[in-house]
Amino acid sequence: MTSSTALLTDRYELTMLGAALREGIAARPSVFELFARRLSGGRRFGVVAGTGRLLSLLRDFRFGEDELRFLSDGDVVDAETLKYLENYRFTGSIRGYREGELYFPGSPILTIEGSFADAVVLETLALSVLNHDSAIATAASRMSVAAGERPLAEMGSRRAAEWSAVAAARASYIVGFGATSNLEAGRQWGVPTMGTAAHSWTLLHDTEEGAFRAQVESLGVDTTLLVDTYDIREGVKTAIRVAGTSLGGVRLDSGDLPTVASAVRTQLDELGATETKITVTSDLDEYAIAALAASPVDSYGVGTSVVTGSGYPTAGMVYKLVARQDPSGSWVSVAKASSDKKSRGGRKAAFRTIRDGVATAETVVVSDGFENLSTPQEHPDSRALQVALVDHGEIDPTFEGAEGTASARAHHMRVREELPVRALALSKSDPAIPTEFVDAN
């Protein structure tokens, strides 16, 4: 195995490339666009996530000896295409929404410009990253809204594929989760990590008291003790007897959480542990978190729901050719016309109209080619949404790594404040703001 990401690709992308090389049109200047026709699950906004990961993966999008041998042995492409792929480097440009940005139906999330050969082979990689990460981020942002000021921790690694778990931890952190249980996410992306003990720790010991005592001796009285392995009331009593009234917290992972949390809070207060926090876990999603808003809960741990997009594990984004040059050098707008899957051709510029600090519309200006597209100066009441991510093959490192992840988190927190109040509701509805297309020609 190599570090190359080039084979994270569907076969048809390379067969199209091969056919284009044979026809002599592979170098034709083209514009591709990544966008979503609709928001999954009747949600009111979407969140762009995965951009920083995609840029890092693009750096390793190279066809080395191993990759070329596989393509040759499998008769995937012909000799001419193999020769082209030997020296493949993406030399085009990519503009797009910043990571952490909100998006709506038709938002031009990524615009990929270059030759047809340059851009067509990136489809699967771009979609697999942004569809997954944006689905996670959208669900996690709704959970963050529901939680309000109460901290959230992501702890769903056991419910996802190993590298999907890392990506999910990163995406949830970008939109407001404060920590993850996943150590690789901490190492690679700078996400704060957390974790204490599971039920197996208690079951390992002859008594619950013995388990609690050993944990406190190892981690200190600031630790959080899991009190529902046996009887919750007895567990709380034992926890305070062992750790004292300065115990950091108790965790509840079962039962009717609003009822149990209220009873535990009362018991802790009666025992004098008024500062001991209550963390709840147990199959939480945004609706369960909202239902606990009036309960004496201090923090939440979310697992399965966040790493699966809370029922919508993909954002449903697509990658389409929207403009190309004809043999004369003129730009032509192209689009799919299928009744259920129409797309809108043309190169686009996007702006979010802001009035009194609140977003009111997504304005997308459409042009056949590169002329007549609006500039930010032409939209004084709007915020330009696209930034340069790759310039003629040169990737902007600002958006990568732990620093890029932290920047995406800060950006999301800023732009989420622009949403109208109706966008924060959890019920299914139309997008919070309309997408308005304007013809620049």
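Let me begin with strand β5, residues 110-115, which is mostly covered, since six of its six residues are buried, buried meaning under 20% relative accessible area with a 1.4 Å probe and protein chains only. Strands here are DSSP runs of E of at least two residues, and helices are runs of H or I of at least four, numbered from the N terminus. Please keep in mind that this is a predicted model, in which local features need pLDDT of at least 70, side-chain atom pairs count only at pLDDT 80 or more, and totals for chains, interfaces and linings use all residues. Residues are numbered from 1 along each chain as its sequence is written, and side-chain values use heavy atoms, with hydrogens and water left out.

Strand β5 pairs with β1, residues 29-36, in the antiparallel sense over six bridges, and there Leu34 stands opposite Leu110. Strand β3, residues 93-97, also runs antiparallel to β5 and is joined to it by four bridges, with Ile94 as the bridge partner of Ile112; pairing requires at least two DSSP bridges.

Now, which residues line the second largest cavity? They are Leu54, Leu58, Ile94, Leu110, Ile112, Leu122, Leu125, Ala126 and Tyr319, and the elements giving two or more residues to this lining are α2 (51-59), β5 and α6. A cavity is a set of points on a 1 Å grid over the protein atoms alone where a 1.4 Å probe fits but cannot get out, and lining residues have an atom within 4 Å of a point.

Conventions. Buried means under 20% relative accessible area, exposed over 50%, partly exposed in between (1.4 Å probe, protein chains only). On a 1 Å grid over the protein atoms alone, a cavity is a set of points where a 1.4 Å probe fits but cannot get out, and a pocket is an open set with protein on both sides within 12 Å along at least five of seven lines; lining residues have an atom within 4 Å of a point.
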